[in-house]
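Hi everyone, thanks for coming. Have a look at the model on the screen, and I'll walk you through it piece by piece.

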Amino acid sequence: MRIREWQDILEDVVERDVDPDDWRAVAGDRSRGVGEDMYLAHPRAGVFFLKTYAKNPFEVRGVGTQVARKLDDEIGSFMPERDASGRFAVQSPPEDEDHAETQATRLEEVVKTHADAPTTPDAFFEDVMDAVESPAFGPMEYDQYDRPDELEELSGRFEEADELLDAELDDLIETDEVDRGFM
């Protein structure tokens, strides 16, 4: 298992040549310490595990790894279904000014179209993600105050990765001295 910077893992996700709307995610608080855990999964791209924390309001730090090459039925059962209420997206910046203008024009058309016609939140979300060429998006199970049950189950299935990533993240937190609070 190769542990890398969390942004390198997201780069791997972005570079996968798979359907962008087939990704699923589960995220929530770490089981101990500051930060969050997140699993990103795609049937053909595999399962990725990230641990991050906010060093300050402007900088997120973390580590991650790929824990499975394919998303099988067992692990897939812990991922949200298409009709889950939460959503996530991974976004790459436009390549240049012309690309940014093209994306902005497409986004404007999507907003106008959905404003003039009956629509659903899911359809709007998918059309917006297509307009901005998101390489990965989909349903997400997320709890900003706790850990979803699915996150607990996945951490148990990938216990070794969880322990190794926790140790790496704890080292980062200690080095950055963000584990010291105010009283």
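This is a predicted model: local features need pLDDT of at least 70, side-chain atom pairs count only at pLDDT 80 or more; totals for chains, interfaces and linings use all residues.

Residues are numbered from 1 along each chain as its sequence is written, and side-chain values use heavy atoms, with hydrogens and water left out.

Two strands pair if DSSP finds at least two bridges between them.

Back to our pair. Strand S2, residues 24-29, and strand S3, residues 36-42, pair in the antiparallel sense over six bridges. The hairpin of S2 and S3 has six residues between the strands, and there Gly-33 takes a positive phi near 90 degrees. S2 is also joined to strand S7, residues 136-143, by four bridges, and these two run parallel. In that pairing, Ala-27 stands opposite Tyr-142 in S7.

Is S2 mostly covered or mostly open? Mostly covered: five of its six residues are buried. Buried here means under 20% relative accessible area, with exposed over 50% and partly exposed in between, using a 1.4 Å probe and protein chains only.

Now let's zoom out. In what order do the strands of the sheet come? Seven strands form an open sheet in the order S1-S5-S4-S3-S2-S7-S6, and the pairing is mixed. The edge strands are S1 and S6, the latter spanning 86-90, and each pairs on one side only.

Next, please find strand S5, residues 59-68. Seven of its 10 residues are buried, so S5 is largely enclosed by the rest of the structure. On one pairing, S5 meets strand S1, residues 4-5, in the antiparallel sense over two bridges. S5 also pairs with strand S4, residues 46-56, again antiparallel, over nine bridges. A hairpin of two residues joins S4 to S5, and Ala-54 stands opposite Val-60 in S5.

Which residues does Leu-165 touch? Leu-165 is found in helix H6, residues 159-176. Leaving aside its neighbours within four places in sequence, Leu-165 is in contact with Ile-3, Phe-49, Lys-51, Val-63, Gly-64 and Thr-65. Contact means heavy atoms within 4.5 Å. Leu-165 has 0% relative accessibility, so it counts as buried.

Asp-176 counts as buried because its relative accessibility is 16%. Not counting residues up to four places away in sequence, Asp-176 touches Tyr-53, Lys-55 and Arg-61.

Finally, a pair of helices. The axes of helix H3, residues 97-116, and helix H4, residues 121-131, come within 8 Å and cross at roughly 165 degrees. Those axes are lines fitted to C-alpha atoms, for helices over the stretch in contact, and angles run from 0 to 180 degrees between N-to-C directions. H3 and H4 are therefore roughly antiparallel to each other; angles under 35 degrees count as roughly parallel, over 145 as roughly antiparallel, 65 to 115 as roughly perpendicular and the rest as oblique. The contact is made by Gln-103, Arg-106, Leu-107, Val-110, Val-111 and His-114 of H3 and Ala-123, Phe-124, Asp-127, Val-128 and Ala-131 of H4.

Let's end on Gln-103, which sits in H3. Buried or exposed? Gln-103 is buried, with a relative accessible area of 7%. Besides Ala-131, residues touched by Gln-103 include Gln-91, Pro-94, Val-132 and Glu-133, not counting residues up to four places away in sequence. The C-alpha atoms of Gln-103 and Ala-131 are separated by 6.1 Å, although the two are 28 residues apart along the chain.
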